[in-house]
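I opened this entry to log what I looked up.

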Amino acid sequence: MFFRRKTTPVSWIAVFLGNPGLRYENTRHNAGFMAADIISKELGAKVNRAKFSALMATVKLGDQQILMLKPQTYMNLSGNSVRQAMKFYNVPLENVVVLTDDVTLPAGKLRIRRRGSAGGHNGLKDIIAKCGGEDFPRVRIGVGAPPHDEYDMADWVLSKLSSDERKLVSETCLKASAALELIIMRGLDVAMAKFN
């Protein structure tokens, strides 16, 4: 007879938005993936198991089991991956925290939101459309706005960060790690008061 060790069920999903592949490494749109790499290193985890059209790992924060999820569907279809994971683990939308780039914030800035529209972000738009609405927290990582209004936004978000910007974004990703932990352990209000 085989006995299965009882494990804590996943209670939160941390979604890190980006695009897979070397071509997109260190681009503005991949700030979420950068955060995943930094956070997983901090937690001693490897986000490398393939499931839910994503790379994933489970980690423990206190008594909470967290699924770290890097969708591999490309940004515009991120909702497919998130929906699969939510359904499998029966995690409610309000326990899905999305870490993503934000062009309205300067590089180096961080903002936490309780809910809201996609604000033109295609990854958020797809999650909202496929996962049941806007009521999920976001940790927004500033990557800076285009240099002028005529700049094509798709070209901007897929452009590489300069070395100075990368340093700032990396520092912000460390803050994002602390923000994620605070959201899960002490609640959104505490995290927003500290980081916003």
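Which residues lie nearest the centre of the largest pocket? I find His29, Gly120, His121, Asn122 and Val157 there, among 19 lining residues. This is a predicted model, where local features need pLDDT of at least 70, side-chain atom pairs count only at pLDDT 80 or more, and totals for chains, interfaces and linings use all residues. Residues are numbered from 1 along each chain as its sequence is written, and side-chain values use heavy atoms, with hydrogens and water left out.

**Pockets**

I noted the pocket terms first. The search runs on a 1 Å grid over the protein atoms alone; a pocket is an open set of points where a 1.4 Å probe fits, with protein on both sides within 12 Å along at least five of seven lines. Lining residues have an atom within 4 Å of a point. A volume is the space filled by probe spheres set on the points, which are joined across faces, edges and corners.

The largest pocket holds about 370 Å³ of space. Strand 5 (96-102) and helix 4 (153-157) each supply at least two residues of its lining. Helix 4 gives the most, three residues. Helices (H or I, at least four residues) and strands (E, at least two) are DSSP runs, numbered from the N terminus. By class, I read eight nonpolar, eight polar and three charged residues in this lining. Here Ala, Val, Leu, Ile, Met, Phe, Trp, Tyr, Cys and Pro count as nonpolar, Asp, Glu, Lys and Arg as charged, and the others, Gly among them, as polar.

The second largest pocket has about 280 Å³ of space. Its lining has 15 residues, with Glu25, Asn26, Phe33, Met34 and Asp37 closest to the centre. Helix 1 (31-43) and helix 5 (163-186) are the elements that give two or more residues to this lining. Helix 1 has the largest share, four residues. The classes here are five nonpolar, six polar and four charged.

**Rings**

How many aromatic pairs does the structure hold? I count five. One of them is Tyr151 with Trp156, edge-to-face, at 5.3 Å centre to centre and 80° between the planes. Rings of Phe, Tyr and Trp (its six-membered ring) pair if their centres lie within 6.5 Å; planes under 30 degrees apart are stacked, over 60 edge-to-face, the rest tilted.

Is Trp156 buried or exposed? Trp156 is buried because its relative accessible area is 9%, with buried meaning under 20%, exposed over 50% and partly exposed in between (1.4 Å probe, protein chains only). Tyr151 is at 30%, so I log Tyr151 as partly exposed.

The charged end of Arg28 also sits over the Trp156 ring, 3.7 Å from its centre. Arg138 lies over the face of Phe136, at 4.1 Å from the ring centre. The test is NZ of Lys or CZ of Arg within 6 Å of the ring centre and within 35 degrees of the ring normal.

Phe52 forms one aromatic cluster with Phe88 and Tyr89. I place Phe52 in the loop between strand 2 (49-51) and strand 3 (54-61). Its phi is near 60°, positive in a residue other than glycine. Phe52 is at 7% relative accessibility, so it counts as buried. Ser53 lies in the loop between strand 2 and strand 3, with a positive phi near 55°. At 39%, Ser53 is partly exposed.

Lys130 lies in helix 3 (residues 122-131). Neighbours within four places in sequence aside, Lys130 is in contact (heavy atoms within 4.5 Å) with Leu77, Gly79, Asn80 and Arg83.
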